[in-house]
Amino acid sequence: MALIQFTNVSFSYLRNVPVLHHISFSIEKTERVMLVGTIGAGKSTMLKLAVGLLSPDNGTVIVDGINPSRNPLHEIARRIGVALQNPSDQIFSITVREEIIYGLHNLGVQETSHTLHRIADLFHLTDVLDKHPYDLHPAQRRLLALASTIAMNTPFCIFDEPTSGVSKPERKLISAALDQQTTAGKGYLLITHDLAFGMEQCDRILVLNKGIIAVDEAVPDFLRRPDAQGILKANGMQMPIVPRMSATLAQENIAVLLPDFLSQLPGKHNENTL
Amino acid sequence: MLEHFSFQYPFTHNPALNDISFRLLPGKTLGIIGPSASGKTSLLYAIAGILQKHFPAGITSGTIARDGTQPVVNPSEIGFVFQDPYMQLSGVTETVETEIAFSLEQLAIPQHIIRARIDEQISQFQLGHLALRHPRSLSGGETRLLALACETAKHPRWLLLDQPTESLHSEGIRFLTTLLNALKLTTNIIMVDHRLEVIAAVCGRVLFLHHGEQQFFGTPPELFTSAIDTNELDIPLWIDAQRQLTGRAETLLYRKSLRMLQQWH
Ligand SMILES: Nc1ncnc2c1ncn2[C@@H]1O[C@H](COP(=O)(O)OP(=O)(O)OP(=O)(O)O)[C@@H](O)[C@H]1O
Ligand SMILES: [Mg+2]
């Protein structure tokens, strides 16, 4: 059974301004899925529907067999961890240490010190555990929000713009943390404007356009589509440079050189983006 | 405009900015880059005059000048786009339009001009469909556009921006790049951003900070060809490729792929 199941879901905040229009899709527990779309497309709205912060006008949302809008939030919280687009919306504790284990305590977990240190280490927060979250730099605050989400140890997570505002070193930490989730058999939904990051970290892509899911495909299949660039462009997005490059090189029959060429470059460019 | 400028926050042991010196000629646009916590925002605050005002107990040395005098917080002269667009919202208005009006009322601008500026910004940032919405109900990217609109509406002499491309999609970033390039003809622009391709497209000068110290000041091409360690920076892929291949026996195909990379960029 799918972990997240949207069936014919419609939603609007204001009458006459539909945001989501009869949307259906499902996500399995171990999948790595990216959700993209233009500014204001309704991505964060989908997140809120999935965890019961909003309920659909029509259709049903089912998470692990239960209906999020008819169940207490903590029932969903033990199934799906959420990192919001704006970290300030989710950070409430007065120290980094408390913030990381806040969710675990809420779930009634007593023994938190092992998790605390493992997660702090993963996100390079060990030296700032006693600081007030607002004394962190914005990029570190983003890491803290992700850390406290992952610390919940839920089978699945939704991350809304996890790389927004961070630079290369933090992006590497986030990437490593996501890879660790995968190794542990956990899946995630990544909402992002950062297509290069999304394509490196995900196997499946959903494109939300004008209230409907316009694309739902495996990332490599999507990249092989001749109209992939056009679809992204119509949604205000640009194909990352590596797949653009490889597409042209393939036409020119010099694709063999590409992995060699790319191996000269720092950073991670895996099979998917090729 | 900065000579050996240093600043240390109260109750800290190390300077946040250490011996920064550079002179920005009139009409030149500055990009400040560096890893997180390297002092970029502090430097932007210092140029705005915010740092000195809010931390009078901070330790300052050296000199800093904007337009020849010590910077003071002057809202009619400076537009400041904060890194967190939610922080930019006043919290006292009910609509996107009145939010833009609010930022101008602070400056005692006459009502008819305010009306014209609102229309100008709404059309420039394509916010028409959001004009009557509550500022707090906007999506992440929409909030960023509103924050930018509120500051450019002031027609400031100085526009300071802290990571303005954050939460925008490619089209939004391209739009912002074009807008800043148009504005810089009449406005002094200083911006912090991780996206070096945007910095390179907008700024004539770039300052690279690391642990509060100035690693580099010069033009973007000079930065990209310099020997300093840029490992922690997001160097655009095509520039990186170029650097990796320089000095190597390039094959024809490498050169060809390089050319393509450049075209795409
Ligand atoms: N409380 C609200 N009242 C009215 N409209 C809203 C409200 N919240 C969101 N919207 C609108 O719903 C649409 C979808 O918003 P959402 O936050 O889901 O977008 P998004 O895809 O996450 O965009 P972004 O990439 O900018 O974060 C937007 O047009 C937004 O303005
Ligand atoms: Mg959003």
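# Burial, sheets and a shared site

Colleague: Why is B:His4 counted as exposed?

Modeller: B:His4 has 12 C-beta neighbours inside 10 Å. A residue is exposed if 12 or fewer other C-beta atoms lie within that distance. B:His4 therefore counts as exposed. Keep in mind that this is a predicted model.

Colleague: What makes the backbone of B:His4 worth a look?

Modeller: Its phi is positive, about 45°, although B:His4 is not a glycine. B:His4 lies in strand E1 (residues 2-8) of chain B.

Colleague: What makes you call helix H1 (residues 40-48) of chain B mostly covered?

Modeller: Nine of its nine residues are buried. For that label, a residue needs 20 or more other C-beta atoms within 10 Å. The buried residues of H1(B) include B:Lys40, B:Leu43, B:Tyr45 and B:Ile47. Just after H1(B) comes B:Gly49, with a positive phi of about 95°.

Colleague: How much of chain B is buried?

Modeller: 46% of its 265 residues count as buried. The chain holds 11 helices and nine strands. Among its contacts with a separation of 6 or more, 64% come from residues 24 or more positions apart.

Colleague: Now chain A. Which residues of helix H3 (residues 96-106) are buried, and what covers them?

Modeller: A:Val96, A:Glu99, A:Ile100, A:Ile101 and A:Gly103 are buried. The cover includes helix H4 (113-122) and helix H5 (138-151) of chain A. An α-helix has 3.6 residues a turn, so residues three or four places apart point the same way. After H3(A) comes A:Gly108, whose phi is positive, near 85°.

Colleague: What makes E2 and E4 of chain A edge strands in the three-stranded sheet?

Modeller: That open sheet has the order E2-E1-E4 in chain A, with antiparallel pairing. Strand E2 (17-27) and strand E4 (58-63) each pair on one side only. From one strand to the next, the twist averages 30°.

Colleague: How do you know that strand E1 (residues 4-14) of chain A pairs with E4(A)?

Modeller: Pairing takes at least two bridges. Five bridges join E1(A) to E4(A), and the two strands run antiparallel.

Colleague: Why are E5 and E9 of chain A said to stand at the edges of the six-stranded sheet?

Modeller: The order there is E5-E6-E7-E3-E8-E9 in chain A, an open sheet with mixed pairing. Strand E5 (80-83) and strand E9 (212-218) each have a single partner strand, so one side of each is left without a neighbour in the sheet. Neighbouring strands of this sheet are turned by 15° against each other on average, direction ignored.

Colleague: Which strands does H5(A) touch?

Modeller: H5(A) packs on the sheet, touching E5 and E6 of chain A. Its direction makes about 175° with that of E5(A).

Colleague: Why is the site of ligand 1 called shared?

Modeller: The residues around ligand 1 come from chains A and B, so the site is shared between chains. 18 residues surround the ligand, and the closest are A:Tyr13, A:Ser44, B:Ser139, B:Gly140 and B:Gly141. E1 and H1 of chain A and helix H6 (140-152) of chain B each supply at least two residues of the shell.

Colleague: What is the make-up of that shell?

Modeller: Six nonpolar, 10 polar and two charged residues.

Key: Residues numbered from 1 in each chain as written. Chains lettered and ligands numbered in written order. Predicted model: local features only at pLDDT ≥ 70, side-chain atom pairs only at ≥ 80, totals over all residues. Helix = DSSP H or I, 4+ residues; strand = E, 2+ residues; numbered from the N terminus. Contact = placed C-beta atoms within 7 Å. Axes fitted to C-alpha atoms, helices over the stretch in contact; angles between N-to-C directions. Near = placed C-beta within 6 Å. Nonpolar A, V, L, I, M, F, W, Y, C, P; charged D, E, K, R; others polar.
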